[in-house]
Amino acid sequence: MLRPFTDQSPRQQLQPGWDDALTFSYCELDAMWVARWTTEAGWEPGQLFEHAGATLELSPGANVLHYGQTTFEGLKARRTREDKIVLFRPIDNARRMRQSAARLLMEAPPVNDFLDAALAVVRTNIKWVPGYQKGSFYIRPLLFGSGPVLGVQPAKEYTFLVYGCPVGQYMGGDSVVVLSSAHRAAPHGTGAVKVAGNYASSLQPQKAAKAMDCVDALYLDAREDRYIEELSGANFFAILYDGTLVTPALGSILPGITRASILTVAKEIFHWNVVERLVPIEEVLTDAVEAFYSGTAAVLSPVTRINYRGVDHAIGDGNPGPRAAMLRQALNEIQLQERPDYWGWVVEL
Ligand SMILES: Cc1ncc(COP(=O)(O)O)c(C=O)c1O
């Protein structure tokens, strides 16, 4: 059941030291945002509802339950040293949600409504934004076909909701494995959009990767089983011995906002040679001196070992390299307003 959030709504209590022990887990805070779209009325103005104890009522015929019309986003609000709350490129998340929705023939909220909802959720739960450098407030916008259908067809009602959770690190680990049993995306499939089915089908490969002491699977392309695509929830980069930063070109990978930011920082701040192209796995195993993965949740983490066809390969000297660290630091400083933001990426609450 959903109860509107009011002055009388119960507030969750902060415990001392709560932001010292953050994990990446679901939690229920004071308020979340919900809006609905119907064929008759279009998008209704959304509003805040109590988050703690909230449940959703859904028709058993809701499209999302049968045919999977659903897409989500993930972005972060963080506290700066000056105690401002900042979001990183939220408009890009709003745009990506619209692209994902279009691929599944869903209605999506206009960019400004998405942004207003995200800001309202942060504002209402502001005490849960972790302290400077302690963690982040992860914002989870979600859109699904809530209208009932029987045959395969788009829903006639959509629900958009946004909630948030304070989080610590996601996906720590520097080994990945190329599994012969799994591809993430087919050419012209749904790899380039953030739809839930991509993640449901990544659970089994992720489990197999973890069983091999790896943080995740590293997927190759489905056509030739040769070119690196990405991880289940992060983009992939390598730095070659000649200093070139390479990353798989867009196509069937998710166009990561962190990926785009890294490319810009590498080009415009560090003046590195940056190339988006096909990246054969053999090239990375022989020519890379560093590799790393990137994402909003994952941030930027080194890859020091790749298991390919049952053999472990060290990347470079097998230790985290200096250039990934430089990029991570620069990105972090831009996000926290400690370096100039030439591109207008940072949005203050
Ligand atoms: C499959 C996949 N690739 C890449 C990323 C990184 O995208 P972003 O940097 O926008 O978080 C994500 C995370 O959203 C993802 O799920």
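Let's start with helix α8, which lies across β11, β14 and β15 and runs at about 165° to β15. Keep in mind as you look around that this is a predicted model.

Five strands make up an open sheet, and reading across it gives the order β13-β12-β11-β14-β15, with mixed pairing. The edges are held by β13 (274-277) and β15 (299-302); each has a single partner strand, so one side of each is left without a neighbour in the sheet. From one strand to the next, the twist averages 25°. For a closer look at one end of the sheet, follow strand β12 (residues 245-248), which pairs with β13 in the parallel sense over 4 bridges. A handy landmark there is Val 246, whose bridge partner in β13 is Val 275.

How do the two helices meet each other? Helix α6 (residues 257-268) and helix α8 (residues 322-335) pack at an angle of about 105°, and their axes are 10 Å apart. An angle from 65 to 115 degrees counts as roughly perpendicular, and α6 and α8 are therefore roughly perpendicular to each other. On the α6 side, the contact is made by Ser 261, Ile 262, Val 265 and Ala 266, while α8 brings Leu 327, Ala 330 and Leu 331. Sorted by class, the residues of this contact of α6 with α8 are 6 nonpolar and 1 polar, with no charged ones.

Now move to another helix pair, α2 (residues 90-103) and α3 (residues 111-124). Their axes come within 9 Å and cross at roughly 125°, which makes α2 oblique to α3. The crossing of α2 and α3 is right-handed. From α2, the contact draws on Pro 90, Ile 91, Ala 94, Arg 95 and Met 97; from α3, on Val 111, Phe 114, Leu 115 and Ala 118. The contact of α2 with α3 has 8 nonpolar residues, no polar ones and 1 charged.

Our last stop is another open sheet, built from 4 strands in the order β10-β9-β16-β17, again with mixed pairing. Its edges are β10 (216-217) and β17 (311-314), each with a single partner strand, so one side of each is left without a neighbour in the sheet. Within this sheet, strand β9 (residues 175-178) and strand β16 (residues 305-308) run parallel and are joined by 4 bridges. To find your bearings along that pairing, look for Ser 175, whose bridge partner in β16 is Arg 305.

Note on methods: Residues numbered from 1 in each chain as written. Predicted model: local features only at pLDDT ≥ 70, side-chain atom pairs only at ≥ 80, totals over all residues. Axes fitted to C-alpha atoms, helices over the stretch in contact; angles between N-to-C directions. Parallel < 35°, antiparallel > 145°, perpendicular 65-115°, else oblique. Contact = placed C-beta atoms within 7 Å. Nonpolar A, V, L, I, M, F, W, Y, C, P; charged D, E, K, R; others polar. Pairing = 2+ DSSP bridges. Left-handed = near helix turned anticlockwise from the far one by under 90°.
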